[in-house]
There are 2 protein chains.
Amino acid sequence: MHPKDANPAHPIHDLLSTRWSPYAFSGRPVETTVLCSLFEAARWAASSFNEQPWRYLVATKEDTDGYAKMLSCLVEANQTWAKSAPVLAIGVASLRFSRNDKPNKVAYHDLGLASANLTVEAGAHGLSVHQMAGIEPDEVRRVYSVPEGYEPLTALAIGYAAPAEEAPEEFRERDLSPRPRNPLDAFVFADSWGEAAVWAGRDSA
Amino acid sequence: MHPKDANPAHPIHDLLSTRWSPYAFSGRPVETTVLCSLFEAARWAASSFNEQPWRYLVATKEDTDGYAKMLSCLVEANQTWAKSAPVLAIGVASLRFSRNDKPNKVAYHDLGLASANLTVEAGAHGLSVHQMAGIEPDEVRRVYSVPEGYEPLTALAIGYAAPAEEAPEEFRERDLSPRPRNPLDAFVFADSWGEAAVWAGRDSA
């Protein structure tokens, strides 16, 4: 068992329990066919009115200039470690429904559904994904000519996890420490807010 | 192969390709231990600063009053079909970081990550999840005393899918028709907005 594996209180699928967000990636590139499968997985996520509001900008390390351009769109602290990832991506949400131009309240949510699918698929290939909210949206918008109505929201570092020793020193500890989580009864409620569902009671979490 | 299974252009994991959103559920209840695993899966999702901004209100059909209460929080069109689901849930996002009370821009996104995890786990148990944006957030807020700073965003109908014939007539067609998706090159860009990544080019999607 990897030190970063989940320690679930109830059994969950291996693809979910072994997912974690590494701060170090090996130099091994991601095969193009695998990349296709990752975004194909995102493609089949659910979305409100099947709007599919997700867009991804993607750069691989082989494309030196393209990679540097994308790396510069992350906040500096994230650049420090994310630069070891062979693939970077930026998740962008389309903010309005194409069928009626009305605001899509769940655009960010549905981008999350797609990125989670991508992450599960990555796990099935032995890859890890480290998502970040720490990006410079205005820089993304400028550098990639992102049009009005679209919002750059997240970045994803994708690759094969490397041992924690290879992470920048200031992040090494995080690559070794266990992953704390709130107990089930802190977020699964039944009759009223804050009232844990009986089956999610403290003794089981 | 089920008519609603994905028709992926690139291979993806079975748990992702067989996921779809049914309009009819069988009467079979969901075992409590399985319910625990579903929300446990949500629990281990990634989130910005490990905020875990997701909360879920959950009602099972055995609890007649609680179930009716939750059903009344869905928009009417969704009530028509969702009432066959043995379990209903409402996804709520915590809008501010607990560590500094600053707005969490990715709160909805991270709720999406959690609900996608829940959906994958459901698939592993032979269950289906049909997510909805069509809820009455003010009604949820009132009925469940949802405090300021939390936003009810989605509902989830959870159960074992039933044959399309059991769906209300107006939804039956949707339970049989294939699931259209934009091609990869419509949402995976490289150097600039709208410019498909070479490996995601039209011929492969």
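1. Strand E4 (residues 150–159) of chain B runs antiparallel to E3(B), and five bridges join the two. B:Ser128 has B:Gly159 in E4(B) as its bridge partner. Strands (E, at least two residues) and helices (H or I, at least four) are DSSP runs, numbered from the N terminus. Two strands pair if DSSP finds at least two bridges between them.

2. This is a predicted model, in which local features need pLDDT of at least 70 and side-chain atom pairs count only at pLDDT 80 or more, while totals for chains, interfaces and linings use all residues. Residues are numbered from 1 along each chain as its sequence is written, and chains are lettered from A and ligands numbered from 1 in the order in which they are written.

3. The open sheet has five strands in the order E5(A)-E1(B)-E2(B)-E4(B)-E3(B), with mixed pairing. Strand E5 (188–189) of chain A and strand E3 (128–132) of chain B stand at the edges with a single partner strand each, so one side of each lacks a neighbour in the sheet.

4. H5(B) packs on this sheet and touches E1 (54–60), E2 (87–94), E3 and E4 of chain B. Contact requires C-beta atoms, placed from the backbone, within 7 Å.

5. The axes of helix H5 (residues 107–124) of chain A and helix H5 (residues 107–124) of chain B come within 7 Å and cross at roughly 45 degrees. Axes are lines fitted to C-alpha atoms, for helices over the stretch in contact, and angles run from 0 to 180 degrees between N-to-C directions.

6. Residues of H5(A), including A:Tyr108, A:Leu111 and A:Val120, meet residues of H5(B), including B:Tyr108, B:Leu111 and B:Val120.

Note on methods:
Two residues are in contact if their C-beta atoms, placed from the backbone, lie within 7 Å.
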